[in-house]
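Biologist: I have a model open and some questions about it. Can you take me through the parts worth a look?

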Amino acid sequence: MNTIRLTMAQALVKYLAAQRIECEGREVALFEGVFGIFGHGNVAGLGEALYHAREELPTYRAHNEQTMAHAAIAFAKANGRRRMMAATSSIGPGATNMVTAAALAHANRLPILLLPGDTFASRDPDPVLQQVEHFGDPTITVNDCFRPVSRYFDRITRPEQLLTSLPQAIATLLDPEHCGPATLALPQDVQTFAYDYPESFFAPRVHRIRRPQPDPRELEAAIVALARSERPLIIAGGGVHYAGACERLSEFARTHGVPVAETQAGKGALPDTHPCAVGAIGVTGSEAANHLAREADLILAVGTRLQDFTTGSRALFERDDLTLVALNVGRFDSQKHHALPLTGDAFDGLEALDIGLADWRLSAAWQERADNLKREWAEVVARVTADEGAELPTDAQVIGAVNRQAGEDGTVVCAAGGLPGELHKLWRCAGPGSYHVEYGYSCMGYEIAGGLGVKMARPDREVFVMVGDGSYLMHNSELATSVMLGQKLVVVVLDNRGFGCINRLQRGTGGAGFNNLLDDCLTIEGGAPKTDFAAHARALGCEAESVRGIQALEDALVRARQADTTYVIALDTDPLPSTSEGGAWWEVAVPEVSAREPVNEAYASYREAKRRQHR
């Protein structure tokens with residue numbers, strides 16, 4: 001057997017560079033590269049190995065470990081989980097900074113390979129700088145924090161362990177059901193240890209995503225249930241995108257006349273103009289989709305985990321005789337809500353259903369009902385997103401302006417707060433790739449870094465990042481990275497002087513305004529200072545301007561499109577209104593006892609709403 005002597009870090013890098021994947025009929029590198037911030041835990045081992053491989057496996061420097069991992073995750077999401085990146089950090093705060101990103105990837109079932117440095121396996125210099133000592137268990141390090149938020153975890157304490165662990169990590173990253181973060185903790189001394197690795201270990205390998213087929217008996221039961229239904233509704237989730245099944249869904253819906261609603265992760269599976277598209281569903285859904293959900297006698301949930309925002313905390317689906325069919329690649333998800341499970345790939349599952357249903361098609365009455373509701377909702381969207389000339393526009397009006405300027409080649413990126421809900425309701429998608437909102441973990445600070453990852457994945461698209469002042473102030477450093485890498489973003493900062501979304505929720509549950517809007521917080525005399533976001537962005541190397549009102553925003557967006565580098569536009573917005581039309585109940589626990597009467601009233605409404613939940 002021919003061998004090659006390499007350090008553990010060199011072997012890891014060489015193996016990653018050799019991985020390929022079949023993507024849209026061609027072979028491409030599985031790993032775009034590595035995001036890294038070096039420290040003493042990885043600079044001499046993994047860092048030195050990456051230096052020598054920088055042509056075949058580029059290393060990108062970022063400014064924060066959490067946000068660089070967010071960028072890597074967004075890159076994978078924008079690539080439909082078919083291409084990905086790794087992220088490396090030192091032991092200590094660099095590693096724990098990435099734990100939040102790992103949780104985000106885990107919640108959203110998105111692949112990222114995390115390579116945090118670790119303390120010395122030999123323990124010779126213990127306690128090493130940044131080491132957190134556990135007096136009763138010296139095997140524990142801060143990297144054990146990754147265990148509950150990783151789909152695969154290993155600590156490489158001997159260089160030959162890579163031979164078994166690396167292939168398992170890659171298999172997890174590419175598994176359609178168990179996809180999520182894989183973490184290999186790398187002790188800083190072991191990174192530098194050498195071993196005689198088999199040359200065959202580094203042979204290029206082409207991966208292909210598995211497509212698990214539905215069980216014939218589950219398929220037959222689903223076909224029978226669909227054929228008997230008179231008012232079915234399809235709910236499209238993120239799994240439709242990841243299975244490459246958007247066109248397949250479009251054909252299925254059109255052939256059988258079934259209306260299609262979309263979750264946050266599923267939005268954009270169909271263009272807004274598709275005759276069967278009825279918009280967003282659930283807590284942040286359209287009136288069209290939610291009315292149909294309440295009236296449906298069957299729901300075909302495709303590639304969705306049916307979380308609380310989708311189901312209105314289990315109160316949206318009102319009919320007692322409702323049949324729920326869950327087509328999902330994951331057994332865990334296809335069994336939720338006592339569904340009729342159809343465990344398998346979304347593309348092949350829809351194709352099998354289509355064949356089994358033959359020429360079955362819905363009655364004209366149900367299709368007409370969906371068409372009328374969709375037309376009424378389109379009028380609502382046009383009205384609430386129109387420019388009314390307000391000095392402090394609403395989030396909806398800002399969304400309308402960005403949507404109009406985004407065009408066919410635009411992708412909107414957002415994450416936490418009130419904006420994702422308004423976007424889910426109001427953004428008119430041009431089709432797959434036009435909508436990228438992280439709402440599985442609803443993580444503030446994802447927006448700008450996520451935009452960077454999307455742009456790296458889709459350089460042909462104009463990426464529009466919509467971010468509130470709260471999220472911007474949490475994580476903005478990757479603006480500088482986008483300028484450094486020449487990855488242009490258009491960033492719209494909506495400054496409502498605080499955490500407006502949670503302020504509305506606080507008031508909606510009977511609470512007083514407290515600690516959310518800056519006016520309701522402890523501040524120095526005279527109040528909190530007004531942040532000049534444009535000046536700040538310019539200091540990071542961006543082009544930037546502040547504007548007032550929607551028309552000025554639209555004019556600025558035209559200039560931003562013409563710019564060659566990241567362009568930031570800041571404007572003040574009204575923190576109080578949100579779109580009242582559409583939506584559904586969301587369970588937020590309210591105090592059972594309070595000295596405030598508004599809280600007591602909210603609790604009474606809460607108890608009444610819980611009676612509608614289907615257990």
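Biologist: Which helix gives the largest share of the lining of the largest pocket?
Modeller: That is α19, with six residues. Keep in mind that this is a predicted model.

Biologist: What else supplies at least two residues of that lining?
Modeller: Besides α19 (500–508), the elements that each supply at least two are α15 (419–426), β20, α17 (469–474) and α22 (597–610).

Biologist: How many residues line the largest pocket, and which lie nearest its centre?
Modeller: The lining has 46 residues, and C501, R504, L505, S578 and W586 lie nearest the centre.

Biologist: And what volume does the largest pocket have?
Modeller: About 1,100 Å³.

Biologist: Which helices line the cavity?
Modeller: α4 (93–108), α5 (162–174), α7 (238–242) and α10 (308–311) each supply at least two residues of the lining. The largest share is from α7, at three residues.

Biologist: Back to β20. What is the strand order in its sheet?
Modeller: The open sheet has six strands in the order β19-β18-β20-β21-β23-β22, and their pairing is parallel. At the edges are β19 (435–437) and β22 (543–547), each of which pairs on one side only. From one strand to the next, the twist averages 15°.

Biologist: Which helix packs on the sheet, and what does it touch?
Modeller: Helix α14 (residues 395–406) packs there, touching β18 (410–414), β20 (462–468), β21 and β23. The direction of α14 makes about 170° with that of β20.

Biologist: How many bridges join β21 to β23?
Modeller: Six, between residues 490–495 of β21 and residues 567–572 of β23, with the two strands running parallel.

Biologist: Which residue in β23 stands opposite V492?
Modeller: I569.

Biologist: What does the S89 side chain reach?
Modeller: The side chain reaches the backbone oxygen of G94, at 3.4 Å. A polar atom of the S89 side chain also lies 3.2 Å from the backbone nitrogen of A95.

Biologist: Which residues is S89 in contact with, leaving aside neighbours within four places in sequence?
Modeller: I37, N42, E65, G94, A95, M98, L115, P116 and G117.

Biologist: How far is S89 from G468, at the end of β20?
Modeller: The two are 28 Å apart in space, C-alpha to C-alpha, and 379 residues apart in sequence.

Biologist: What about L233, buried or exposed?
Modeller: L233 is buried, because its relative accessible area is 0%. It lies in strand β12 (residues 232–236). L233 and V258 are 25 residues apart in sequence, with their C-alpha atoms 6.1 Å apart in space.

Biologist: Now the backbone. Which residues does the cis peptide bond join?
Modeller: D126 and P127, with omega about -10°. P127 is in the loop between β7 (113–118) and β8 (152–155).

Biologist: Why point that out?
Modeller: Because most peptide bonds are trans. Likewise, most residues other than glycine have a negative phi.

Biologist: What is phi of R314?
Modeller: It is near 70°, a positive value in a residue that is not glycine. R314 lies in the loop between α10 and β16 (323–328). With a relative accessible area of 36%, R314 is partly exposed.

Biologist: Where does S442 lie, and how accessible is it?
Modeller: S442 is in the loop between β19 and α16 (446–457). Its relative accessibility is 30%, so S442 counts as partly exposed.

Notes
Residues numbered from 1 in each chain as written. Predicted model: local features only at pLDDT ≥ 70, side-chain atom pairs only at ≥ 80, totals over all residues. Heavy atoms only, no water. Pairing = 2+ DSSP bridges. Helix = DSSP H or I, 4+ residues; strand = E, 2+ residues; numbered from the N terminus. Axes fitted to C-alpha atoms, helices over the stretch in contact; angles between N-to-C directions. Contact = heavy atoms within 4.5 Å. Polar contact = N/O pair within 3.5 Å; in protein donor to acceptor, adjacent residues only side chain to side chain. 1 Å grid on protein atoms, 1.4 Å probe; cavity = no way out; pocket = protein on both sides within 12 Å on 5 of 7 lines; lining within 4 Å. Points joined across faces, edges and corners; volume = space filled by probe spheres on them. Buried < 20%, exposed > 50% of the residue type's maximum accessible area, 1.4 Å probe, protein only.
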